[in-house]
Amino acid sequence: MNQSDRKKFHEMLLAKQTELQNRLARRDDLEVQVSPDEFDARLQLVDREFQSGLLHQTALDLREVRAALVRIEDESYGICADCDEPISLARLNVIPWANYCVKCQERIEVEKQQENLDERPQELVPSE
Ligand SMILES: [Zn+2]
């Protein structure tokens with residue numbers, strides 16, 4: 001990766017970081033709305049739970065983006081954390097905070113699914 005690529009991804013990451021921080025900063029607005037009408041209050045509760053799920057995801061994304069910014073600083077950015085091969089620029093264009101190459105990412109996803117299957121209670125596994 002050359003300097004201008006690095007600079008471009010740095011700017012993309014900074015923009016993403018700002019966007020995510022702004023989204024998190026608005027979380028306080030969610031707490032103050034109280035409706036005297038019970039039905040409305042219920043709807044707001046559902047909405048708030050939905051929002052807090054999104055906020056949790058936003059917080060996770062922000063952590064990924066910050067980790068990528070650190071990798072830009074220490075020049076490990078764009079290198080797969082698992083196999084040490086360069087991550088393709090096409091992939092980084094879509095996910096500038098990617099920490100793994102496509103091959104490793106796919107393997108990790110499969111392993112994760114496998115773990116979930118292994119954790120399934122025995123009685124839910126169909127018997128032959
Ligand atoms: Zn890899």
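**Note on a helical model and its α3-α4 loop**

1. D84 lies in the loop between α3 and α4. Helices are DSSP runs of H or I with at least four residues, strands are E runs of at least two, and both are numbered from the N terminus. The phi angle of D84 is near 65°, a positive value in a residue other than glycine. D84 counts as exposed because 9 other C-beta atoms lie within 10 Å. The cut-offs use C-beta atoms placed from the backbone: 20 or more others within 10 Å is buried, 12 or fewer is exposed, and in between is partly exposed.

2. This is a predicted model; local features need pLDDT of at least 70, side-chain atom pairs count only at pLDDT 80 or more, and totals for chains, interfaces and linings use all residues. Residues are numbered from 1 along each chain as its sequence is written.

3. The mean pLDDT (the predictor's confidence in each residue, from 0 to 100) is 86 for the protein chain, and 85% of the residues score at least 70. Helix α2 (residues 29-32) has the lowest mean among the elements, 55. The highest, 96, belongs to α4.

4. The fold is helical. The protein chain has five helices and zero strands. From the N terminus, the order reads α-α-α-α-α. Of its 128 residues, 11% count as buried. Take the contacts (C-beta atoms, placed from the backbone, within 7 Å) between residues at least 6 apart in sequence: 56% join residues at least 24 apart.

5. Helix α1 (residues 3-25) checks out on length. Its 23 residues should span 33 Å at 1.5 Å a residue, and the end C-alpha atoms are 33 Å apart. The expected span is 1.5 Å times one less than the number of residues. F9, L13 and L20 are buried in α1. Cover for the buried residues of α1 includes α3 and α4.

6. The largest nonpolar core has 12 residues: F9, L13, L20, V65, A68, Y77, I87, L92, W97, A98, Y100 and C101. Such a core is a set of buried Ala, Val, Leu, Ile, Met, Phe, Trp, Tyr and Cys residues joined through C-beta atoms within 7 Å. The elements giving two or more residues to this core are α1 and α3. Helix α1 gives the most, with three.

7. With 14 C-beta neighbours inside 10 Å, A81 is partly exposed. Beyond residues up to four places away in sequence, A81 touches N99 and Y100.

8. E75 is another entry for the α3 (38-73) to α4 (89-94) loop. Its phi is near 65°, positive in a residue other than glycine. Is E75 buried or exposed? E75 is exposed, with 10 C-beta neighbours inside 10 Å.

9. From first C-alpha to last, α5 reaches 24 Å, close to the 24 Å expected at 1.5 Å a residue.

Notes. Two residues are in contact if their C-beta atoms, placed from the backbone, lie within 7 Å.
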